[in-house]
Amino acid sequence: MRLLTLPTALLATLTLTLPPLSDAAHTSNWAVLVSTSRFWFNYRHMANTLSLYRTVKRLGIPDSQIILMLPDDMACNPRNTFAGSVFNDKGRGLDLYDQKKDLDLPRDTGEGAQDEAGEGDGQSMPAGIEVDYRGNEVTVESFIRLLTDRWPASHPTSKRLMTDDRSNILIYMTGHGGDSFLKFQDAEEISSHDLADAFEQMYEKKRYHELLFMIDTCQANTMYTEFYSPGIVATGSSAKDQSSYSHHADQDVGVAVIDRWTYYNLDFLETRLNSTASDIRLGELFDFYTFDRVHSDAGVRYDLFPGGEDAARNRRVLDFFGNVQGVDVETQVPSEGRAGMEDWREDLQALRRIAKRQARQDMNETQMVAEGGEKNEQRRVELTVRPAVDFKGARDMAALAGGEGWLKKGLGAVSLLALGGAWFMGSKMR
């Protein structure tokens, strides 16, 4: 087994630094918020979208996980009496474009979704908005590409839906529509079949765990009749042959500022979900869509959701509108998923056992090295003492050898002198 050859330090790092395993099948939340209408008289559609944008940010979804599509800029429209601002209530208590700036504006006392929520709730919101797709970028093609992630490599990551099979996605759309279609900027339309096929591609590519589809338009409920992918809950503002109505107009702005169905969604979310720890369920939100409030037959489709209506209604609202804080879906892990988790736990325990065993072996080796060091030290002392005698004998032998050498040199010199004298005497006699 390869694990047996790993260094102890590496094994310890693997076993001690790995995060605790979790059975949660839901680990992130994303929101796709789309207004499909341009022109000043469709002011309310942009206000609808920005209202949902503000709410999901307040409940914890960061801008990096929100895709905002706005085809027109009502804040900078020359008809806008309040330049640079967008409101969803005639009281104008909240600027949806920049709620931090100090506005010196006349305010009515009429009630509204944001008035009921109360801006003194202590929620700190960042100023401004981050628009991902603006103007002519808001098309059917770009919306389908966004859902299916069919982009060229050069497309910015910040404008992509970077989800996986553990992501819950909220998709909200508003605009003008009809029987099984929704118009994009009065130039093209997306059909219920287009949406159904896009969601199926998302399911096949494992781009979502659960998906909540919401749409506010005329005959809205016809837009989700063709869905066939699992894990989807869909809701709309009006039945077939019914209109979706605006809630009220602002006389100073000159047009309607919010639609009824979206208004009561905000009313519920702003008054019932006061923190990211709220335990409000989707069933309570859906029950809030009464005919007296909405003036049309709002609809909900549950059959595609695992567990059917009961499971869908029991989902927390924050599972789609907020961050994943406190989300507990342990009971939703399928049996094969639990088996996989058990295998990981067994592997992790095996790693820990191996790390402990090798740690003990290293400790034993350290002790043996320490004991061996003491013996080696004694031996080094003995070796240091013994060479002293040998070195002395070597010096004596060297001295002796040196004396014999000088004797040989003396005898050689005498022999040379004798030979020289004999040669000199012989030459004289001649």
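The following dialogue examines how several structural terms apply to this predicted model.

Trainee: Why are helix 4 and helix 5 called roughly parallel to each other?

Mentor: The axes of helix 4 (residues 140–148) and helix 5 (residues 192–204) cross at roughly 25 degrees and come within 8 Å. Angles under 35 degrees count as roughly parallel, and helix 4 and helix 5 therefore receive that description. The crossing of helix 4 and helix 5 is right-handed.

Trainee: Which residues make the contact between helix 4 and helix 5?

Mentor: Helix 4 contributes Phe143, Ile144, Leu147 and Thr148, while helix 5 contributes Asp194, Leu195, Ala198, Phe199, Gln201 and Met202. By class, the residues of this contact of helix 4 with helix 5 are seven nonpolar, two polar and one charged.

Trainee: What makes helix 2 roughly parallel to helix 6?

Mentor: The axes of helix 2 and helix 6 (residues 260–272) cross at roughly 15 degrees and come within 10 Å. The limit for the term is an angle under 35 degrees, so helix 2 is roughly parallel to helix 6. Helix 2 passes helix 6 in a left-handed crossing.

Trainee: How do the residues of the contact of helix 2 with helix 6 divide?

Mentor: They divide into three nonpolar, four polar and three charged. On the helix 2 side stand Asn48, Ser51, Leu52, Arg54, Thr55 and Arg58, and these meet Thr262, Leu266, Leu269 and Glu270 in helix 6.

Trainee: Why is one side of strand 3 and of strand 12 left without a neighbour in the sheet?

Mentor: The open sheet of seven strands has the order 3-2-1-4-8-9-12, with mixed pairing. Strand 3 (133–134) and strand 12 (299–301) stand at its edges with a single partner strand each, so one side of each lacks a neighbour in the sheet.

Trainee: How do you know that strand 9 and strand 12 pair?

Mentor: Pairing requires at least two bridges between two strands. Strand 9 (residues 232–236) and strand 12 have three bridges, in the antiparallel sense. Gly236 stands opposite Gly299 in strand 12.

Trainee: What makes strand 5 and strand 7 edge strands?

Mentor: The open sheet of three strands has the order 5-6-7, with antiparallel pairing. Strand 5 (177–178) and strand 7 (188–191) each pair on one side only. Strand 6 (residues 181–184) is joined to strand 7 by four antiparallel bridges, and Leu182 has Ile190 in strand 7 as its bridge partner. Helix 4 packs on this sheet too, touching strand 6 and strand 7, with its direction at about 35 degrees to that of strand 7.

Trainee: How do you know that strand 10 and strand 11 are paired, and how many residues lie between them?

Mentor: The requirement is at least two bridges, and four bridges join strand 10 to strand 11, which run antiparallel. The two strands form a hairpin with four residues between them. Asp250 stands opposite Val255 in strand 11, and Gly254 in the turn has a positive phi of about 95 degrees.

Trainee: Why is the pair of Arg44 and Asp259 called a salt bridge?

Mentor: The term needs a side-chain nitrogen of Lys or Arg within 4 Å of a carboxyl oxygen of Asp or Glu. For Arg44 and Asp259 the closest N and O atoms are 2.9 Å apart, and the pair forms a salt bridge. It links distant parts of the chain: Arg44 belongs to helix 2 (residues 43–58) and Asp259 to strand 11 (residues 255–259), 215 residues apart. The structure holds 19 salt bridges.

Methods. Residues are numbered from 1 along each chain as its sequence is written. This is a predicted model: local features need pLDDT of at least 70, side-chain atom pairs count only at pLDDT 80 or more; totals for chains, interfaces and linings use all residues. Side-chain values use heavy atoms; hydrogens and water are left out. Axes are lines fitted to C-alpha atoms, for helices over the stretch in contact, and angles run from 0 to 180 degrees between N-to-C directions. Angles under 35 degrees count as roughly parallel, over 145 as roughly antiparallel, 65 to 115 as roughly perpendicular and the rest as oblique. A crossing is left-handed if the near helix is turned anticlockwise from the far one by less than a right angle, and right-handed if clockwise. Contact means heavy atoms within 4.5 Å. Ala, Val, Leu, Ile, Met, Phe, Trp, Tyr, Cys and Pro count as nonpolar, Asp, Glu, Lys and Arg as charged, and the others, Gly among them, as polar.
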